[in-house]
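Look at the sequence and the 3D structure below before reading on. The paragraphs that follow take one part at a time.

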Amino acid sequence: MALTNEHIKQRLIEKFDTQVSSFEEPYGMLTFEAPKDMNLKVLNFLYDDAELKFRFMTDLTAVHYPDQPGRELAVVYHLHNLEDNIRIRFKVFTDSNKPDVYTATALFSAANWMERETYDFYGVNFVGHPNLKRILNVDEMDYFPLRKQYPLEDQSRVDKDDEMFGRGGAIGFGTEKTDHGTITELEKGDVGEEIV
Amino acid sequence: MSEQHIKLPEGSIEKTTTTLNLGPTHPATHGVMQNILELDGERIVSAEQTIGYIHRAFEKIAERRNLYQITPLTDRLNYCSSPINNMGWHLTCEKLLGVKTPKRVDYLRVIIMELARISDHLICNSIVGVDSGAYTGFLYVMQYRELIYEIYEEICGSRLTTNIGRIGGFERNFNDIAFTKIQKFLDEYPRVLKEFENLFTRNRIFMERTIGAGAISAERALNYGFTGPNLRAAGVDYDVRIHSPYSSYEDFQFEIPVGTTGDCYDRFLVRNQEMWQSLSIVEQAFRKVQEFKGAEAEVYHADVPEYYLPEKKDVYTKMEALIWHFKIIMGEIDMPAGEVYNSVEGANGELGFYLISDGGRAPYRLHFRRPCFIYYQAYEELTKGAMLSDAIIVMSSLNLIAGEMDA
């Protein structure tokens, strides 16, 4: 077990100088980022280097940060060196208006569907991907649902007449709307009554 | 809207190959997924998978839920072994919150997780049997899966989607019936498993159907991100329980069975061997649990009032418990900000949880690393050039669970 977070960090800095940055170790896992056009160079180096040998892609996903202009989307790679049993996390940030990131499918066959999933939910355009289309959602969908601008259904909405799920119906659920949501008839009746 | 979802190749009327839709509701797919096979006679030329039929947007829903409300979502990933998913989620939360669980809780969790692994492998292996024409094994082992479900029922009240345990431990201590049933399982199951093996392992029909079908090399398996029994069948001894032990797995003695060729037969053998190992782990854990004496034998959760729902009778009688109950239910407690990846050895591979918290009440981002989803993409490579009947058996021996694939 010669490989430590500190050593990996040194090797990366030796190779890429200031282009790799933001080194952190949340809960013990070395995390860093690189410019998005460097992602394949970094992944290749991590894969090929005789010492580092990060040859197992555990996970690939994205995160949306709408408050960071120009760096809204983060593509996150989790890599694993199975021989020394050490994991790292590598991020590239991209603009959500032009979310082009090079594909890692040439290096990891596993990346194929994971990139399709990331495209499906975040719209990251993986340049060079052999078959970049939606995987879990329907092909006709015209937005990327996990981005933060698409909220979940408003829980206080009243326009649905759906007795089966407790909205609307005979006992008048969801009839009066206030600033804080909906007061149901049932709750109004309870106010002031003694709790047994 | 495009006119049709399934696009036939150009000039498909004149073509010499046959297009066959396997799924999404074909009985042999054992789940809602579709394979569009291109067949030349009975040989598979290409296979294209369509998934997502039961996608439920768990990752999005989780962004509005408190930690404890996400546990029922994890039930519905690999529903053949929900307790492992539940525990994996609790362990992830505990890692984020810095909760240390008592040893007894760890051992109780190990018992449940290994029972879940047995029930999952049992279904997978007996389904491989069904798909190769041997129904007997499947019916025979079903009563022992039933016994495992009864054990869950004693502990948490439900059977399939268990929602078992809480952050920090269990909602209640194991009762005597649960222990009796675990003991019964330990006594009876070895004989059953032996008999199950007798039915299949050296069965000539079974061997001829599975040996060489859907083989994959260790190198390709790693490149495809295989984990769990499928990777071990290809000869790589990677197991999360050993490589990054959680829930005190380091206290147990067990082996990691590996195969050599990565074909259906090896996958079957690896799963069978794992059941023996799991059985031995349950036995060890059971003994360790019995060793606790006095007050220690009553411990079933860690002391984390901010996240562990107090017992109902305390809520009605004690002010403090009432306050914590209120705060937890109303979502008054902000979790620490942080970024954590935690994984457990699920029944069909490394089940990972990537959780980002920005300090709010619900996760900022939660991503599930679902082993099924990742290794199903190798299906075309596994079946190319094989016969149609192999395609079916490869599918069942990979242990594809639609719920996990689609999240």
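This is a predicted model: local features need pLDDT of at least 70, side-chain atom pairs count only at pLDDT 80 or more; totals for chains, interfaces and linings use all residues.

A residue is called buried if 20 or more other C-beta atoms lie within 10 Å of its own, and exposed if 12 or fewer do. Strand β3 of chain A covers residues 56-64, and nine of its nine residues are buried, so the strand is largely enclosed by the rest of the structure. On the pairing side, β3(A) runs antiparallel to strand β4 of chain A, residues 73-81, and eight bridges join the two. Within this pairing, D59(A) stands opposite H78(A) of β4(A).

Strand β3(A) also takes part in the meeting of the two chains. In total, 28 residues of chain A are in contact with 31 residues of chain B. Which elements of chain A give two or more residues to the side that touches chain B? They are β3(A) and α3(A), the latter being residues 111-122. The largest share, six residues, comes from β3(A). By residue type, this side of chain A consists of 16 nonpolar, seven polar and five charged residues.

L43(A) counts as buried because 23 other C-beta atoms lie within 10 Å. Beyond its neighbours within four places in sequence, L43(A) is in contact with A104(A) and L107(A). The C-alpha atoms of L43(A) and Y77(A) are 9.3 Å apart in space, although 34 residues separate the two in sequence.

Chain B contains an open sheet of three strands in the order β4-β5-β6, with antiparallel pairing. Which strands of chain B lie at the edges? They are β4(B), residues 338-346, and β6(B), residues 365-369, each of which pairs on one side only. On average, neighbouring strands of the sheet are turned by 10° against each other, with direction ignored. Strand β5(B), residues 349-357, is joined to the antiparallel β6(B) by five bridges. G352(B) has R369(B) as its bridge partner in β6(B). Helix α3 of chain B, residues 82-97, lies across β4(B) and β5(B) and runs at about 150° to β4(B).

Two residues are worth a look for their backbone angles. Most residues other than glycine have a negative phi. D17(A) is not a glycine, yet its phi is positive, about 55°. D17(A) sits in the loop between α1 (5-16) and β1 (21-24) of chain A. Is D17(A) buried or exposed? D17(A) is exposed, because 8 other C-beta atoms lie within 10 Å. In chain B, N163(B) is also a residue other than glycine with a positive phi, near 50°. N163(B) belongs to the loop between α5 (136-156) and α6 (176-200) of chain B. With 18 C-beta neighbours inside 10 Å, N163(B) counts as partly exposed.

The last point is confidence. Chain A has a mean pLDDT of 84, and 80% of its residues reach 70 or more. Over residues 169-175 of chain A the pLDDT is below 50, and the model gives this stretch 14 contacts beyond near neighbours in sequence. Residues 188-196 of chain A also stay under 50, and for them the model has one contact beyond four places in sequence.

How values were computed. Residues are numbered from 1 along each chain as its sequence is written. Chains are lettered from A and ligands numbered from 1 in the order in which they are written. Two strands pair if DSSP finds at least two bridges between them. Helices (H or I, at least four residues) and strands (E, at least two) are DSSP runs, numbered from the N terminus. Axes are lines fitted to C-alpha atoms, for helices over the stretch in contact, and angles run from 0 to 180 degrees between N-to-C directions. Two residues are in contact if their C-beta atoms, placed from the backbone, lie within 7 Å. Ala, Val, Leu, Ile, Met, Phe, Trp, Tyr, Cys and Pro count as nonpolar, Asp, Glu, Lys and Arg as charged, and the others, Gly among them, as polar. pLDDT is the predictor's confidence in each residue, from 0 to 100.
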